[in-house]
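Welcome! Let's walk through this protein together, starting with charges and rings and ending with an open space.

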Amino acid sequence: FPFPYTPYRIQEQFMEALYGALEAGRVGIFESPTGTGKSLSLICGALSWLRDWEEKRRQEEARLLALGAGGQDGLTPQQARLGSADTAGQPDWVTAFVQKKEERDMVDRLKEEQIRRKKREDHLEKIRHNVHLKYAAKRKRCEEDEAKRLLQLSKEVLSQGAGEGALDQLDHNEEELILAEYESDDEKKVVSGLEEDDDDLEEEHVTKIYYCSRTHSQLSQFVREVQKSPFGKDTRLVALGSRQNLCVNEEVRRLSALQLINDRCMEMQKNKREKKSNEENEEKKRRVIRTVCPFYSYEQMQFLRDEVLVEVQDIEQLVSLGRETKACPYYGSRFAIPAAQLVVLPYQMLLHEPTRKAAGIKLKDQVVIIDEAHNLIDTITCIHSAEVSGSQLCCAHSQLSQYMERYRKRLKAKNLMYIKQILYLLEQFVAMLGGNVNQNPGCQAVSQTGTVLKSINDFLFQSQTDNINLFKVQRYCEKSLISRKLFGFVERYGGPASAVKTNKENQKLAGLQNFLLTLQQGSDKEGTPPSPPVEAEHDQLRTASPLMQIEGFLSALTNANQDGRVILNRQGTVGQSSLKFLLLNPAVHFAKVVEECRAVVIAGGTMQPVADFREQLLCCAGVDPARIVEFSCGHVIPPENILPIILCSGPSNQQLEFTYQTRDLPQMMDETGRILCNLCNVIPGGVVCFFPSYEYEKQVYGHWEKSGLLSRLAAKKKIFQEPKKANQVEQVLVEYAKCIQRCSQTGGQMTGALLLSVVGGKMSEGINFSDDLGRCVIMVGMPYPNIRSPELQEKMTWLDKTMPRAAGQAPSKVLIENLCMKAVNQSIGRAIRHQKDFASVLLLDHRYTRPTIFNKLPQWIRERTQVKSAFGSAFAELRK
């Protein structure tokens with residue numbers, strides 16, 4: 001395997017196992033602790049396989065082409081007779097002819113493919129060598145276009161004249177709020193093709209690797225690793241992202257909410273297509289100026305596509321390239337998918353089928369690598385779950401009925417029918433929450449509060465919506481862009497601007513404005529002038545039109561009955577209550593991926609415990625157990641660089657057991673404080689202490705403040721707390737690091753800093769406490785999830801019903817343990833980040849010694865763990 005430096009032995013093992021899994025078309029679960037160079041091993045292992053695979057294909061093609069060229073037209077009589085054992089009793093020459101034709105077709109196909117590939121490679125090679133030429137020409141053309149456009153605009157403005165012309169245009173502008181005529185699929189026998197010049201879009205998809213990770217920054221980091229690797233120069237890589245990350249049209253970017261950005265973009269494209277077909281309608285065209293995105297130019301985007309394929313670019317580079325070349329990076333990068341060898345993309349894009357289709361991602365016979373996959377099951381569950389509040393339902397109902405009233409005369413029957421169906425659904429959903437759509441949701445109290453779970457079918461029956469075809473409604477929402485039209489309508493008439501125009505029509509709409517006012521909770525009723533609340537509500541609406549949220553909920557209801565539940569959450573008022581769809585069986589959505597792909601690799605730093613991937617995800621998705629391969633490697637650090645200790649009791653011999661019942665006892669909180677005081681006396685640099693929840697961390701902190709323990713701690717280490725707001729995390733970490741650095745340089749009483757964190761919080765994932773930032777990680781108690789949550793209870797019940805008992809344990813109990821230990825492993829893995837790093841890990845709770853729990857620690861930590869029943873001997877080890 002080519003590698004930028006001499007690989008560790010475990011990296012070699014990792015790459016060999018990966019290569020084998022891809023070659024044999026397996027589903028692999030790969031674990032390689034953070035700090036062992038996992039990304040590089042993935043890159044070099046997978047791309048080596050891809051290179052060899054392409055080489056093999058080339059040789060096979062050459063062999064077949066040589067055979068074809070060898071003029072094997074005439075089959076020998078012998079060969080013809082061989083083919084004659086045909087059941088249909090066809091004459092030999094027919095069979096021979098068919099056989100020959102198939103061979104000939106195949107050779108022709110190979111020749112075509114070869115020509116196409118050669119053409120593409122030459123094309124990219126050419127770009128590689130005269131970039132400057134290309135850019136100059138492009139830029140000149142852009143400037144000419146711009147000048148032409150400005151000229152055209154000024155002509156149009158002049159010809160419009162002032163006054164009456166302007167009014168006329170307003171009316172026409174309203175045209176775009178009206179729904180176009182809608183035909184459902186049953187009526188549309190002929191599907192019209194794409195634009196005329198899109199025929200060469202149907203490029204063949206070469207065998208490729210899809211690499212996905214969780215966050216935008218993890219993907220960028222991966223792309224940078226590829227750039228540094230030996231494959232950086234000649235790999236065709238494309239990074240995909242959402243429009244939020246890739247859009248370069250400032251007017252669209254300003255919308256800030258993803259759903260709005262998506263809809264606005266789609267609408268601009270639609271305008272472009274319509275504009276094409278309306279060229280003849282010159283007169284009308286002059287009156288209705290519809291905005292078209294200047295960056296959505298086919299030619300420019302093809303240019304961008306080639307640029308992307310020539311040189312590995314991460315998302316930031318892609319965006320600046322798009323701005324420079326006036327081409328849309330979002331679509332330009334999609335055009336590059338068929339020819340790319342490595343496609344880097346976020347989870348959601350790959351795991352959510354509609355998004356996958358929209359992006360033009362084809363998984364058939366491709367390789368998928370899912371990195372940072374320790375939360376894969378939760379991620380799939382989240383992507384496919386949806387929640388809507390009572391106030392969103394009421395608001396959407398109000399907006400939609402006013403929209404229908406205003407345009408009733410203009411809307412076709414089909415549209416009216418679907419709008420009425422949606423209104424009926426909204427009405428029934430609000431009734432399920434115990435409310436009435438025609439009253440203000442903020443003022444309607446709910447009689448029976450609490451949480452109820454229902455199966456999908458029960459929910460549809462009880463809300464009397466089982467006679468509506470949700471698949472058709474969902475399809476209608478998608479195709480007609482109704483939420484976008486509704487958003488435009490509310491934007492026009494719901495905002496403060498509408499107060500200016502006071503014709504008859506608009507008095508009707510003032511009702512909508514008042515309704516929006518009443519929805520706005522928390523605005524003080526007295527003493528405020530009426531306009532700011534409208535403004536604020538308007539902003540809130542800008543972030544997402546309620547119908548968009550509801551569409552997500554409707555599509556979730558199309559899941560199979562046994563795979564999900566609807567949660568009715570009734571709180572105080574109808575507005576605060578909500579309906580939530582919870583997906584119980586993530587395997588149904590993962591099955592497609594596993595079936596279509598040649599090989600799937602699920603990789604992560606800490607994948608332990610692996611059982612739930614195998615059972616809940618893969619076996620449920622119908623993967624043959626023989627196809628699953630597991631690989632787990634140790635760490636690159638020498639054994640003496642880590643000291644994991646399970647501590648069963650504290651300095652005053654208080655047994656450590658942080659259950660819900662005992663953890664609030666003052667003596668438990670005191671004991672925890674004493675342990676920390678002792679440790680901070682001997683541990684240099686940074687100490688990170690994880691608590692099971694924010695609430696408990698706050699409680700302990702408060703208790704220490706009162707008892708004076710906090711000031712004793714603060715004498716040795718400066719104390720930092722994990723902030724609840726995501727945007728403050730960075731700042732706290734910077735301060736924490738600075739403090740540690742200062743202490744190590746100056747010497748003196750203070751030896752560093754203590755960071756109080758929360759498991760599953762902002763600090764427990766994706767943040768490196770390398771070197772002095774984390775010389776000791778302490779885990780207080782066991783972070784079991786909240787068993788009282790109805791969602792978790794439902795998941796447990798479902799598991800017990802559908803899964804076999806494993807080793808005498810109920811699947812629900814295994815789930816709870818696994819969730820706890822996954823969280824622990826994530827948190828404690830943050831301290832060792834490279835080969836020369838060293839740290840101690842302290843697990844404070846005697847329950848960690850139970851075999852089922854102990855065995856779920858990562859192997860490299862488990863092998864080195866010491867169990868200490870008394871504090872004294874543990875302290876002595878730590879001191880050493």
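A charge is said to sit over a ring if NZ of Lys or CZ of Arg is within 6 Å of the ring centre and within 35 degrees of the ring normal. With that in mind, look at Arg788: its charged end sits over the ring of Tyr660, 5.5 Å from the centre of that ring. Arg598 does likewise with Trp53, its charged end lying over the ring at 4.6 Å from the centre.

A word on the model before we go on. It is a predicted one, where local features need pLDDT of at least 70 and side-chain atom pairs count only at pLDDT 80 or more, while totals for chains, interfaces and linings use all residues. Residues are numbered from 1 along each chain as its sequence is written, and side-chain values use heavy atoms, with hydrogens and water left out.

Next come rings that meet other rings. Rings of Phe, Tyr and Trp (its six-membered ring) pair if their centres lie within 6.5 Å; planes under 30 degrees apart count as stacked, over 60 as edge-to-face and the rest as tilted. By this rule there are 20 aromatic pairs. One of them is the stacked pair of Tyr418 and Tyr476, at 4.5 Å centre to centre with 10 degrees between the planes. Tyr418 belongs to helix H19 (residues 413-432) and Tyr476 to helix H21 (residues 470-480), so the pair ties together parts 58 residues apart in sequence. Helices here are DSSP runs of H or I with at least four residues, strands are runs of E with at least two, and both are numbered from the N terminus. Both Tyr418 and Tyr476 are buried, where buried means under 20% relative accessible area, exposed over 50% and partly exposed in between (1.4 Å probe, protein chains only).

Phe459 and Phe553 show the edge-to-face arrangement, 6.3 Å centre to centre with 85 degrees between the planes. This pair links distant parts of the chain, 94 residues apart: Phe459 in helix H20 (residues 456-462) and Phe553 in helix H25 (residues 546-556). Phe459 is buried, as is Phe553. Elsewhere, Phe14, Phe30 and Phe631 form one aromatic cluster.
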